[in-house]
Amino acid sequence: MNKMTPQIRFQGFTDDWEERKLGDKVRIVMGQSPNSENYTDDPNDYILVQGNADIKNGRVFPRVWTTQVTKQAEKDDLILSVRAPVGDIGKTDYDVVIGRGVAAIKGNEFIFQNLGKMKSDGYWTRYSTGSTFESINSTDIKEAIINVPAIEEQNKIGSFFKQLDDTIALHQRKLDLLKKQKKGYLQKMFPKNGAKVPELRFAGFADDWEQRKFKDILKTHSFRSYLADISENGEYEVIQQGDKPIVGYSDGKPFTNYKDITLFGDHTVSLYKPKRPFFVATDGVKILSADNFEGDYLYTTLERYKPEPQGYKRHFTILKNQDVWFTGNMEEQQKIGSFFKQLDNTIALHQRKLDLLKEQKKGFLQKMFVS
């Protein structure tokens with residue numbers, strides 16, 4: 001193997017790859033935005049692609065339409081974001097109008113995957129100022145350097161990654177469906193619209209639910225935050241606010257254990273139920289419990305009624321004043337809590353599978369392309 005040969009190759013290919021300018025291999029069309037007064041929300045008009053907001057999971061996702069045609073991309077073209085953030089890439093399943101935030105590229109599956117790798121490798125960061133992406137122009141794109149093999153090998157590589165992408169998309173759809181189903185169950189298994197009982201209920205339960213404010217139910221426990229000696233192998237989870245609550249692990253002094261405990265971010269709407277009996281929490285994490293609430297049911301109730309994101313407001317203050325419906329029947333609580341815990345475990349399993357597939361793809365991109 002040399003620098004112009006990938007680490008992993010399909011059998012029968014031995015020639016070195018060649019360094020080329022992107023503009024020598026593909027046709028590039030820079031976008032031009034229609035006048036804003038011609039934007040519509042009518043799907044019968046022309047789909048407008050303005051930037052990365054119109055690209056989701058590697059595909060154009062129709063969001064805005066226009067009656068004015070400026071520059072166009074055809075079905076199966078590649079759409080490259082040329083404004084912040086630069087380098088996002090997607091395919092279009094439609095003929096579309098392209099605005100100045102994107103460019104259309106007529107390339108095959110190999111080019112599509114190569115452009116995706118360039119983005120993940122940080123190729124376009126050379127066009128950034130400080131930490132903010134700016135923009136790239138036609139010359140920047142045309143002069144971009146890519147390494148390419150013969151067309152037959154391109155087709156083999158493209159076909160391999162397309163199949164992998166299709167598998168990833170299938171798992172993503174399954175995960176999205178599970179999350180949608182969970183959202184529906186959260187709505188139907190708690191009372192709404194003034195009702196005293198939920199729309200969907202386990203058999204054998206008929207009593208009315210009670211309504212109170214969270215501040216009359218929840219107990220908030222004080223603790224001293226601890227951030228020293230974070231590692232991957234400590235005894236206690238170190239928990240912070242945010243979408244990824246686990247910072248790492250620590251052998252420092254843990255927070256005193258409470259039964260049926262849940263964590264809630266002060267300035268976020270994130271919830272987390274510790275996996276270990278003791279843990280360490282950082283500033284801004286609220287530690288919650290409630291008498292006469294089964295642990296998984298408390299977590300589900302908090303999830304059902306947690307406030308929507310509202311800028312920098314203190315979400316715990318909003319949560320405390322939230323009216324909440326709950327069942328006082330511990331057996332019903334246990335059934336509801338167990339149902340959602342099982343559903344969460346299924347969602348987590350699908351998420352792990354999806355993350356593994358994405359990591360595998362990342363590894364293949366590094367080993368099957370010449371950088």
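Let's start with a term: two residues are in contact when they have heavy atoms within 4.5 Å. Among contacts in this chain between residues at least 6 apart in sequence, 70% join residues at least 24 apart. What you're looking at is a predicted model, where local features need pLDDT of at least 70, side-chain atom pairs count only at pLDDT 80 or more, and totals for chains, interfaces and linings use all residues. Residues are numbered from 1 along each chain as its sequence is written, and side-chain values use heavy atoms, with hydrogens and water left out.

Now for the overall picture. The C-alpha trace spans about 70 × 50 × 40 Å along its principal axes. The chain has seven helices and 24 strands; these are DSSP runs numbered from the N terminus, with helices being H or I runs of at least four residues and strands being E runs of at least two. Of the 371 residues in the chain, 42% are buried. Buried means under 20% relative accessible area, exposed means over 50%, and partly exposed is in between, using a 1.4 Å probe and protein chains only.

Glu-294 caps the N-terminal end of H5, with a side-chain oxygen 3.1 Å from the backbone nitrogen of Asp-296. That pair brings in the polar contact: N or O atoms within 3.5 Å, where within protein one must be able to donate a hydrogen and the other to accept it, and residues adjacent in sequence count only if both atoms are side-chain atoms.

Now pick out Thr-301, which sits in H5. Thr-301 has a relative accessible area of 0%, so it is buried. A polar atom of its side chain lies 2.8 Å from the backbone oxygen of Tyr-297. If you leave aside neighbours within four places in sequence, Thr-301 is in contact with Phe-190, Phe-214, Phe-293, Val-324 and Trp-325.

Asn-292 isn't a glycine, yet it has a positive phi of about 60°. At 64% relative accessibility, Asn-292 counts as exposed. Asn-193 also has a positive phi, of about 55°, although it is not a glycine. Look for Asn-193 in the loop between H4 and strand S16 (210-213); with a relative accessible area of 79%, it is exposed.

Next, follow helix H7, residues 330-368. Its 39 residues should span 57 Å at 1.5 Å a residue, and its end C-alpha atoms are 56 Å apart, which agrees. The expected span here is 1.5 Å times one less than the number of residues. At the start of H7, a side-chain oxygen of Asn-329 reaches to within 3.0 Å of the backbone nitrogen of Glu-331.

Phe-161, in helix H4, has 0% relative accessibility, so it counts as buried. Phe-161 and Leu-365 are 204 residues apart along the chain, but their C-alpha atoms are separated by 8.7 Å. Not counting residues up to four places away in sequence, Phe-161 touches Gln-113, Lys-361, Phe-364, Leu-365, Met-368 and Phe-369.

What about the empty spaces? Rolling a probe the size of a water molecule over the atoms shows where empty space is left. The largest pocket holds about 1,900 Å³ of space. Of the 46 residues lining this pocket, the closest to its centre are Lys-182, Leu-271, Tyr-299, Glu-303 and Lys-306. (On a 1 Å grid over the protein atoms alone, a pocket is an open set of points with protein on both sides within 12 Å along at least five of seven lines, and lining residues have an atom within 4 Å of a point.) H7 gives the most to this lining, with 10 residues.

The second largest pocket has about 1,200 Å³ of space. Of its 29 lining residues, the closest to the centre are Asn-57, Gly-58, Asp-165, Lys-358 and Lys-361. Here H4 gives the most to the lining, with eight residues.

One last stop is the loop between strand S9 (78-81) and S10, where you'll find Pro-85. A cis peptide bond joins Ala-84 and Pro-85, with omega about -10°.

Technical notes:
1 Å grid on protein atoms, 1.4 Å probe; cavity = no way out; pocket = protein on both sides within 12 Å on 5 of 7 lines; lining within 4 Å. Points joined across faces, edges and corners; volume = space filled by probe spheres on them.
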